[in-house]
Amino acid sequence: QLVKELLAESEKELDGELLDDMSLIDSGLLDSLALLRLAEWVSEALGGLALERVDIRAEWDTVADIVAFVERRKAT
């Protein structure tokens, strides 16, 4: 839910509901400002994050991907 709230703060308009498996990149919701906010949130959630080691297209394309990324990193 927190990821969806963060993306809702974006100035981008979404036609319909934000689904967990919707591509954030292809939909345009994950623009540079939203990406910065998201990276800050993920970094705080994980206690730090090296963004150069993240393949954003592969690992953060959907809300479900982002949640899974955070859960995997917290588990290690």
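User: Is Q1 buried or exposed?
Analyst: This is a predicted model, in which local features need pLDDT of at least 70, side-chain atom pairs count only at pLDDT 80 or more, and totals for chains, interfaces and linings use all residues. Residues are numbered from 1 along each chain as its sequence is written, and side-chain values use heavy atoms, with hydrogens and water left out. Buried means under 20% relative accessible area, exposed over 50%, and partly exposed in between, with a 1.4 Å probe and protein chains only. Q1 has a relative accessible area of 66%, so Q1 is exposed.

User: How far apart are the C-alpha atoms of Q1 and V67?
Analyst: Q1 sits in the segment before α1. V67 is 66 residues away along the chain, yet the separation of the two C-alpha atoms is 9.5 Å.

User: In what order do the elements of the protein chain run?
Analyst: Helices (H or I, at least four residues) and strands (E, at least two) are DSSP runs, numbered from the N terminus. The protein chain has five helices and zero strands. From the N terminus, the order is α-α-α-α-α.

User: What is the radius of gyration of the protein chain?
Analyst: The radius of gyration is taken over C-alpha atoms, and the globule rule is 2.2 Å times the number of residues to the power 0.38. For 76 residues that rule gives 11 Å. The chain comes close to this, so it is as compact as a globular protein of that length, with a radius of gyration of 12 Å.

User: Is T62 buried or exposed?
Analyst: T62 lies in the loop between α4 (56–59) and α5 (63–75). Contact means heavy atoms within 4.5 Å. Leaving aside neighbours within four places in sequence, T62 touches D20, D21, M22, S23 and L24. Its relative accessible area is 8%, so T62 is buried.

User: Which residues touch the most other members of the largest nonpolar core?
Analyst: A nonpolar core is a set of buried Ala, Val, Leu, Ile, Met, Phe, Trp, Tyr and Cys residues joined through side-chain atoms within 4.5 Å. In soluble globular proteins, nonpolar side chains tend to be buried together. The largest core here has 18 residues, and those that touch the most other members are L7, L18, L24, L38, V42, W60 and I66.
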